[in-house]
Amino acid sequence: NLFQGVSLGSILLLAAIGLAITFGVMGVINMAHGEMIMIGAYAAFVVQELFRAWMPGLIDLYLVAAVPVAFVAAGLMGMVIERTVIRYLYGRPHETLLATFGISLTLQQLVRSIFGAPNKEVANPSWMTGGIEVIGGHVLTYNRLVIILFCFAVFGLVLLVMRASELGLQMRAVTQNRDMARTMGINSARVDALTFGLGSGIAGI
């Protein structure tokens, strides 16, 4: 139970990071954040189907390719949402909640229209199949171990971006004092778009 809880919690950690970034920097309550996870999942499905059709011998590597594709797909969708809707609602968190709730319903229906309502299978690569047997016959499955390690690696990378990159510095500046950041020459509109894209992309992966 502890092992399964950590593996599931690590996935929720990534979702929470994205929400914390968008709310912390922009003050936006993003009710469409779950749909960014959905977009990442369907991006992985599309990559898997492309590998099956064009590179069946490399199907075990589809997940490696799917991660950056999911990040880009969800990140771009987040930036489009920010540029077309959210940018007009800054300072009005309740209105961002209602607007993003409407966006979430629209994205759900869009995916149903493209892929259909039934669930789609995303296969487990062979290198994530199996597990390690520990005391008492309990098995720590490879797929959950990979998920845990991957999530904490992403968490560390996000911390590095926030603390050691120019974008992270600008994001922290806008968070602390948006007006002063603008006075110092930071393009807050660009930072907002990239922030929303980053938060959405993290949810996508």
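At 40% relative accessibility, V122 counts as partly exposed, a class that lies between buried (under 20% relative accessible area) and exposed (over 50%), computed with a 1.4 Å probe on protein chains only. The model is a predicted one, in which local features need pLDDT of at least 70 and side-chain atom pairs count only at pLDDT 80 or more, while totals for chains, interfaces and linings use all residues. Residues are numbered from 1 along each chain as its sequence is written, and side-chain values use heavy atoms, with hydrogens and water left out.

V122 is placed in the loop between α4 (93–115) and β1 (131–133). Helices (H or I, at least four residues) and strands (E, at least two) are DSSP runs, numbered from the N terminus. Apart from its neighbours within four places in sequence, V122 is in contact with F45, Q48 and Y62; contact means heavy atoms within 4.5 Å. From V122 to A181 the separation is 59 residues in sequence and 44 Å in space, C-alpha to C-alpha.

A pair of aromatic rings is described by the distance of the centres and the angle of the planes. Rings of Phe, Tyr and Trp (its six-membered ring) pair if their centres lie within 6.5 Å; planes under 30 degrees apart count as stacked, over 60 as edge-to-face and the rest as tilted. The whole structure holds two aromatic pairs. In one of them, the ring centres of F45 and F115 are 6.1 Å apart and the planes stand at 80°, so the pair is edge-to-face. Because F45 lies in helix α2 (residues 33–54) and F115 in helix α4, the pair ties together parts that are 70 residues apart in sequence. F45 is buried, with a relative accessible area of 15%, whereas F115 is partly exposed, at 22%. Y42, F45 and F115 form one aromatic cluster.

Next comes a pair of helices. Helix α3 (residues 62–84) and helix α8 (residues 188–204) pack at an angle of about 140°, with their axes 7 Å apart. Axes are lines fitted to C-alpha atoms, for helices over the stretch in contact, and angles run from 0 to 180 degrees between N-to-C directions. The two helices are therefore oblique to each other, since angles under 35 degrees count as roughly parallel, over 145 as roughly antiparallel, 65 to 115 as roughly perpendicular and the rest as oblique. Residues of this contact include A70 and F71 of α3 and A189 and D192 of α8.

Overall, the protein has eight helices and two strands. Of its 205 residues, 34% count as buried.
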